[in-house]
Amino acid sequence: MRNEQKMYGLFMDIAKTDDRILAVYMNGSRTNPNVPKDIFQDYDIVYVVWETKTFIEDKDWIHKFGKILYMQYPDENPDYPSDKENNYGWLMQFEDGVRIDLRVQTIRFAQEHIHDDKLCRILLDKENILPVMPKSTDEDYRVKKPTETQFQACANEFWWCSNNIAKGLWREEILYVQDMTNFVVRKQLEKMLSWKVGIETNFQVSVGKSAKYLYRWLKLEEYQGYLNTYFSGNVEEAWTAVLHMCDLFEQTAEYVGSNLGYTYNTAEGKAARGFLERVRKLPKDAKTI
């Protein structure tokens, strides 16, 4: 597997020998000093160019980066909007384990959007076309202190949508239950746990995409408790995990509310939890709730 030194050398060599490329910058995890380093970190590289057309039409030039195992052309996906004339990308997994997420951007596009991500580092600027960038920082990704309205909306969404989990489990519609749990209700628990981390770190850290770094800030037993909220396709297992999720949410919401001076609607939580337990006991031939 090629190391960073070889990869950066490759990026620079390609840029310096191609007159179409005017500048190079990088963003993503490799510009973030707070992200643990490992072998799976990709290289998020942007070449600033006169135009994108010749790069798109030349199907061979990307092979300069190495032997590709498989790849994706994200801007060719008909289900997502794209601006190929100004911003085009290739996602490449190489045989040696290296992954590169590469984009070419026109000068104007780069100048207008380079500030969108503060995790940015300029590697080369032949013509001084890019603005001076401050030291890369993950501050935009750090946990933000919620307003009281945001706090209460999070709690309300968690408890209200637990109603959907209840009926899904009673019907044994496990696919629906998985979606409702992981894409709606769990997201509220993630928020609440993230706010707890924010309180304990003075809102100076990021918990990462999908809250993947929660383990770095939660106590071991609390993090294990969060892992215990996941379940497989077994309905009874799901009931146990969901009720555990409710316990964890309530404990965390009370902590966050108390520390931020916000009002947590205890009655709403008790009512929703009670409804869940009531539905769990309903026989399958029930004619009324």
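Is Gln224 buried, partly exposed or exposed, and why does it count as such?

Mentor: The model is a predicted one, and the answer should be read with that in mind. Gln224 counts as partly exposed because its relative accessibility is 40%, and the class in question lies between the limits of 20% and 50%. The residue belongs to helix 6, which spans residues 220-227. As a reference point elsewhere in the chain, Lys144 is 80 residues away from Gln224 in sequence, and the C-alpha atoms of the two are 24 Å apart in space.

The protein chain contains eight helices and six strands. Read from the N terminus, their order is α-β-β-α-β-β-β-α-β-α-α-α-α-α. The radius of gyration is 24 Å, well over the 19 Å that the globule rule gives for 289 residues, so the chain is more spread out than a compact globule. Taken along the principal axes, the box filled by the C-alpha atoms is roughly 75 × 40 × 35 Å.

Six of them form an open sheet with mixed pairing, in the order 3-4-5-2-1-6. Strand 3 (68-72) and strand 6 (120-125) stand at the edges; each has a single partner strand, so one side of each is left without a neighbour in the sheet. On average, neighbouring strands of this sheet are turned by 25° against each other, direction ignored. Within the sheet, strand 2 (residues 43-49) and strand 5 (residues 99-106) run parallel and are joined by seven bridges. Tyr43 stands opposite Ile100 of strand 5. Helix 1 (residues 4-17) packs on the sheet, where it touches strand 1 (21-27), strand 2, strand 5 and strand 6. The direction of helix 1 makes about 15° with that of strand 2.

Totals for the whole chain complete the account. Of the 289 residues in the protein chain, 46% are buried, whereas Gln224 is partly exposed. The accessible surface of the chain comes to about 15,900 Å², and carbon and sulfur atoms hold 51% of that area. Among contacts with a separation of 6 or more, 64% are between residues 24 or more positions apart.

Key:
Residues numbered from 1 in each chain as written. Predicted model: local features only at pLDDT ≥ 70, side-chain atom pairs only at ≥ 80, totals over all residues. Heavy atoms only, no water. Helix = DSSP H or I, 4+ residues; strand = E, 2+ residues; numbered from the N terminus. Buried < 20%, exposed > 50% of the residue type's maximum accessible area, 1.4 Å probe, protein only. Pairing = 2+ DSSP bridges. Axes fitted to C-alpha atoms, helices over the stretch in contact; angles between N-to-C directions. Contact = heavy atoms within 4.5 Å. Rg over C-alpha atoms; globule rule 2.2 N^0.38 Å. Areas by Shrake-Rupley, 256 points an atom, 1.4 Å probe, with all protein chains shown as cover.
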